Amino acid sequence: MELILKYFPNLTKDQIHKFELLESLYKDWNLKINVVSRKDIDELYLRHVLHALAIAKVIVFKDDSRIMDVGTGGGFPGIPLAIMFPECSFHLVDSIAKKLKVVNSVVEGLGLTNVKTTHTRVEEINETYDFIVSRAVAAMPTFVHWTKGKIAKQQNNELKNGILYLKGGDLTEELKDYKAITIYNIKDFYSEDFYNTKKVVHLPVKYKG
């Protein structure tokens with residue numbers, strides 16, 4: 001928890017309380033359903049929570065922004081972002097039901113009212129969002145294909161509507177066809193070695209009417 005306060009010192013008491021609760025909620029659930037690896041559960045804040053919040057270093061979502069988290073798994077990056085931005089709405093989507101069972105329980109345990117979940121493939125979603133976030137569930141061309149037509153026309157944020165993707169390693173080949181892309185090195189925000197090769201990728205996506 002000290003890690004979160006190190007980089008986000010202006011959290012409200014309610015936000016601090018919710019972030020503190022995360023560890024016990026996930027540890028309890030992980031004994032029943034393994035949504036976070038055994039190694040990672042002991043470093044939940046470093047490897048999952050802070051990683052998710054790297055997106056909050058790239059953009060401060062305006063109130064009423066709509067964000068979809070695709071392939072949310074155990075709720076990352078969606079749940080930490082929902083705590084950080086309580087006036088925004090988050091739609092967490094995954095095709096694996098048992099993972100969403102954990103997500104729903106954590107959301108309920110935290111008392112988050114700005115999160116909804118759907119058990120489906122993202123292609124089946126017929127809504128639009130300001131941003132689609134995810135943590136490396138597929139190569140970017142595949143992900144762009146999956147989420148086609150799901151970016152809203154109305155621009156409300158300083159960053160253009162589109163995809164915010166948490167990825168690691170050398171992305172040169174994977175991203176070579178995307179001219180409008182911006183890559184943010186997470187090591188510029190956080191000093192921990194874990195983040196040396198990790199990035200937030202922003203791909204603006206034009207509205208297709």
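## The largest nonpolar core

In this predicted model, the largest nonpolar core has 54 residues, and those touching the most other members are Ile4, Phe8, Phe19, Leu22, Tyr26, Ile79 and Leu164. A nonpolar core is here a set of buried Ala, Val, Leu, Ile, Met, Phe, Trp, Tyr and Cys residues joined through side-chain atoms within 4.5 Å, where buried stands for under 20% relative accessible area, exposed for over 50%, and partly exposed for what lies in between (1.4 Å probe, protein chains only). At least two residues of this core come from each of helix 1 (2-7), helix 2 (13-30), helix 4 (44-58), helix 5 (78-84), strand 2 (89-94), helix 6 (97-110), strand 4 (131-135) and strand 5, and the largest share, ten residues, is supplied by helix 4. Helices (H or I, at least four residues) and strands (E, at least two) are DSSP runs numbered from the N terminus.

Tyr165 belongs to strand 5 and is buried, its relative accessible area being 0%. Between Tyr165 and Ile79 there are 86 residues in sequence and 15 Å in space, taken from C-alpha to C-alpha.

## Backbone features in the loops

Most residues other than glycine have a negative phi, and most peptide bonds are trans. The bond from Phe76 to Pro77, however, is cis, with omega near 5 degrees, and Pro77 sits in the loop between strand 1 (66-70) and helix 5.

Asp64, which is not a glycine, has a positive phi near 75 degrees; this residue is placed in the loop between helix 4 and strand 1 and is exposed, at 65% relative accessibility. Ala136, also not a glycine, has a positive phi of about 50 degrees; Ala136 lies in the loop between strand 4 and helix 7 and is partly exposed, at 42% relative accessibility.

## A positive patch on the surface

On the surface, a patch of positive charge is formed by Lys148, Lys160, Lys206 and Lys208. Such patches consist of residues with over 30% relative accessible area and no salt bridge, with like charges joined within 9 Å; a salt bridge is a side-chain nitrogen of Lys or Arg within 4 Å of a carboxyl oxygen of Asp or Glu. Lys160 is located in the loop between helix 7 (140-146) and strand 5 (162-168), and is exposed, with a relative accessible area of 57%.

## Basis of the values

Residues are numbered from 1 along each chain as its sequence is written, and side-chain values use heavy atoms, leaving out hydrogens and water. For this predicted model, local features need pLDDT of at least 70 and side-chain atom pairs count only at pLDDT 80 or more, whereas totals for chains, interfaces and linings use all residues.

How values were computed: Patches are made of residues with over 30% relative accessible area and no salt bridge: like charges are joined within 9 Å, nonpolar side chains (Val, Leu, Ile, Met, Phe, Trp, Tyr) within 5 Å. Accessible areas come from the Shrake-Rupley method with a 1.4 Å probe; for residues, only the protein chains shown count as cover. Lys and Arg count as positive and Asp and Glu as negative; His and the chain ends are not counted. The place of a charge is taken as NZ of Lys, CZ of Arg, CG of Asp or CD of Glu.
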